[in-house]
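User: Please take a close look at the charged side-chain pairs here. Then place them in the wider picture, for someone who is new to this entry.

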Amino acid sequence: MRWSQAFIPTLREVPAEAEAASHRLLLRAGYVRQVSAGIYAHLMLARRSLLKIMQIIREEMNAIGGQEFYLPSLNPAELWRESGRWDAVDVIFKLKDRAGHDLCLGITHEEEMTNIARGELRSYKQLPQIWYQIQSKYRDEPRPKSGLLRLREFFMKDSYSFDLDEAGLDVSYDKHVQAYTNTFKRCGVRALFVEAFSGMMGGSVSGEFTAPTEAGEDFIAISECGYSANLEKAVSGLAPVEDPVGNESPETIATPGQKTIEDLVRFTGERPERMIKTLVYVVESEPVVILMRGDHALSETKLSAALGTAVFRPATPEEAFKLHHAHLGSLGPVGLASTGHAKVRILADKALEGRRDMTTGANQDDMHLRHVTPGRDFQAEYRDLRAVAEGDPCIKCGKPLELVKAVELGHVFKLGRRYSKAMHANVLDAAGKEVEIVMGSYGIGVERILTAAVEQNHDKDGMFLPKSIAPFQVILTAANMDDAPLREAGEGLYKQMLAEGVEVLFDDRDERPGVKFKDADLIGVPYRLTLGRRKFEQGQAEILVRSTKQVQDVSLERAVQALKQHLLS
RNA sequence: CGGGGCGUGGCGCAGCCUGGUAGCGCGCUUGCCUUGGGCGCAAGAGGUCCCCGGUUCGAAUCCGGGCGCCCCGACCA
């Protein structure tokens with residue numbers, strides 16, 4: 001393609017609204033333009049790149065036996081009512097047709113795929129099946145952000161596996177892990193496969209592919225030994241804590257004005273790991289007391305899993321006072337029954353199990369209790385509620401965990417029978433018995449691959465995309481278009497590259513060299529072949545590797561072959 | 001949903017507080033000039049000042065309401 005005829009609206013100045021590097025660069029490099037919050041028009045460069053990404057995904061899905069479908073985005077409400085998601089999911093775009101029927105735009109397609117499966121799959125002999133599509137998804141996000149990172153309309157590759165039993169599902173799941181690993185590798189993005197939080201939907205297994213980058217929204221805990229997990233799911237070991245050996249009874253101590261754990265540490269000289277932090281949540285309108293070690297943070301995701309509901313919030317100070325007859329900062333678990341709520345539920349993080357002689361609030365303002373031993377002085381349900389912190393020992397190898405920011409690129413999920421049960425998708429097994437199909441669902445965010453690639457591969461001058469997903473492989477820059485022989489040589493090289501199947505963008509514009517170099521640096525094409533007057537007169541051109549800015553002189557005759565070497569490497 | 005910021009030619013911004021001719025840089029068009037890192041000179045085109053209402057002789061500017069966008073947090077099937 002010739003730049004003189006291409007629509008590549010590069011910007012010199014950074015659009016004011018762009019914060020994330022990928023957002024800034026995709027706008028500046030003329031890849032995308034914003035239509036509305038979380039809605040973007042893909043221009044020529046973005047489209048070329050995304051088509052390449054989709055093709056890689058397609059090839060890898062086909063390689064594991066996936067069959068490509070295309071299901072409509074416009075879905076009738078009935079199926080979503082059957083699965084229970086119509087009311088349960090709040091990001092669904094809902095609409096009505098002229099007859100008043102409810103419709104929605106697909107957020108994923110479990111319902112539609114299961115609907116096809118239940119109508120057509122009758123026998124275990126037809127299993128396993130893997131069906132996938134690459135298609136637009138719509139989500140009414142509370143807060144779209146960071147350019148193409150969190151969109152309201154986006155491309156997803158979503159696939160669904162149908163197996164007779166768990167063993168079959170394991171195979172389908174592993175195949176997807178393999179396909180995803182290959183996909184991200186081929187796309188040139190650095191991705192980690194991590195354990196993920198599988199939500200409240202049936203205690204299933206799920207894994208996430210995440211790309212470490214500053215613009216990420218998730219935190220991933222990583223250990224040297226290979227253990228890695230989303231912070232929502234991550235667990236860690238704990239350094240042992242020594243509690244006093246005595247067996248003293250709880251004793252009230254005056255702690256005027258001491259509210260936070262920090263205050264208490266200063267006031268008592270005791271360490272924070274020797275204290276119990278008391279939180280109050282309102283769970284479906286009932287108060288629940290949550291106990292954490294003084295230096296530990298609550299993970300609301302883990303709390304959600306422990307409670308089996310997402311309907312909860314921290315109690316207001318007034319609500320907490322009502323329960324404890326004391327203000328925040330002086331709350332504690334001891335004697336809660338006697339304050340009026342005989343049956344208040346108390347959840348304690350596992351790190352408190354087996355501990356003794358700790359310090360906590362006394363349920364009287366400006367008072368705390370010491371010598372408090374869990375199990376003896378109060379009863380609680382012990383659950384893993386703690387958010388792992390940087391430096392906690394890895395549960396597998398004991399080395400300190402590192403926390404990194406990452407973008408979620410894909411999610412693989414063992415659904416089990418949730419949808420087949422709700423929607424009655426059954427087959428006959430070998431014994432002639434009707435059984436529910438065991439399902440998996442698997443997603444990849446297509447734009448996020450491009451976004452992550454930009455985040456991971458940019459510098460002050462622009463981006464350098466991996467050659468597998470760059471919109472063009474080579475940009476041919478003729479620095480001096482007014483020089484007739486040089487221009488002719490450029491035309492020749494351009495035609496030669498086209499003939500040899502090199503995807504080349506020929507910058508044949510009548511611009512000054514500076515402008516062309518700046519634009520070439522910006523738009524992410526991995527190799528630049530430059531024709532400049534001085535070297536051209538000696539029969540030479542130069543190849544610039546955009547990622548490293550390394551320059552190599554080549555003769556005009558050898559230039560295209562040399563480029564092809566780079567492209568193959 | 002809570003907090004903060006912003007809406008003025010295509011892009012980046014000033015003007016608003018203190019009401020009175022809508023301005024700057026970049027980009028765009030034309031001509032000359034220049035040609036290895038966003039040249040120079042000159043002449044031009046281009047704006048419902050987000051929308052609606054109010055105050056006023058007069059509103060980009062003051063007041064009320066609305067819409068949109070960005071950021072932080074909450075949320076994220």
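Analyst: The side chains of Glu491 and Lys495 form a salt bridge, with N and O 3.8 Å apart. A salt bridge here is a side-chain nitrogen of Lys or Arg within 4 Å of a carboxyl oxygen of Asp or Glu. Both residues belong to helix H12 (residues 484–499) and stand 4 residues apart, about one turn of the helix. Helices (H or I, at least four residues) and strands (E, at least two) are DSSP runs, numbered from the N terminus. Glu491 has a relative accessible area of 16% and is buried; buried means under 20%, exposed over 50%, and partly exposed in between, with a 1.4 Å probe and protein chains only.

This is a predicted model, in which local features need pLDDT of at least 70 and side-chain atom pairs count only at pLDDT 80 or more, while totals for chains, interfaces and linings use all residues. Residues are numbered from 1 along each chain as its sequence is written, chains are lettered from A and ligands numbered from 1 in the order in which they are written, and side-chain values use heavy atoms, without hydrogens and water.

The structure has 49 salt bridges. One of them joins Glu68 to Arg58, with the closest N and O atoms 2.6 Å apart. Because Glu68 is in strand S3 (residues 67–68) and Arg58 in helix H2 (residues 44–63), this pair ties together parts 10 residues apart in sequence. Glu68 is partly exposed at 36% relative accessibility, and Arg58 is partly exposed at 23%.

Another salt bridge links Arg509 and Asp507, at 2.9 Å between the closest N and O atoms. Here Arg509 is buried at 13% relative accessible area, and Asp507 is buried at 0%. Elsewhere, salt bridges with shared partners connect Glu141, Lys145, Arg150, Glu217 and Arg448 into one network.

Some side chains approach the bases. Arg28 has a polar side-chain atom 2.8 Å from a base oxygen of RNA strand B. For Arg528, an N or O atom of the side chain is 3.2 Å from a base oxygen, and for Asp519 such an atom is 3.3 Å from a base nitrogen. Strand S1 (32–36), helix H13 (513–522) and strand S32 (527–531) are the elements that give two or more residues to the surface near RNA strand B. H13 supplies the largest share, 7 residues.

Away from these pairs, strand S18 (residues 345–349) has 4 of its 5 residues buried. S18 pairs in the parallel sense with strand S15 (residues 286–293) over 4 bridges and with strand S21 (residues 381–383) over 3 bridges, where pairing needs at least two DSSP bridges. Arg345 is the bridge partner of Val288, and Arg383 that of Asp349.

Terms used:
Polar contact = N/O pair within 3.5 Å; in protein donor to acceptor, adjacent residues only side chain to side chain.
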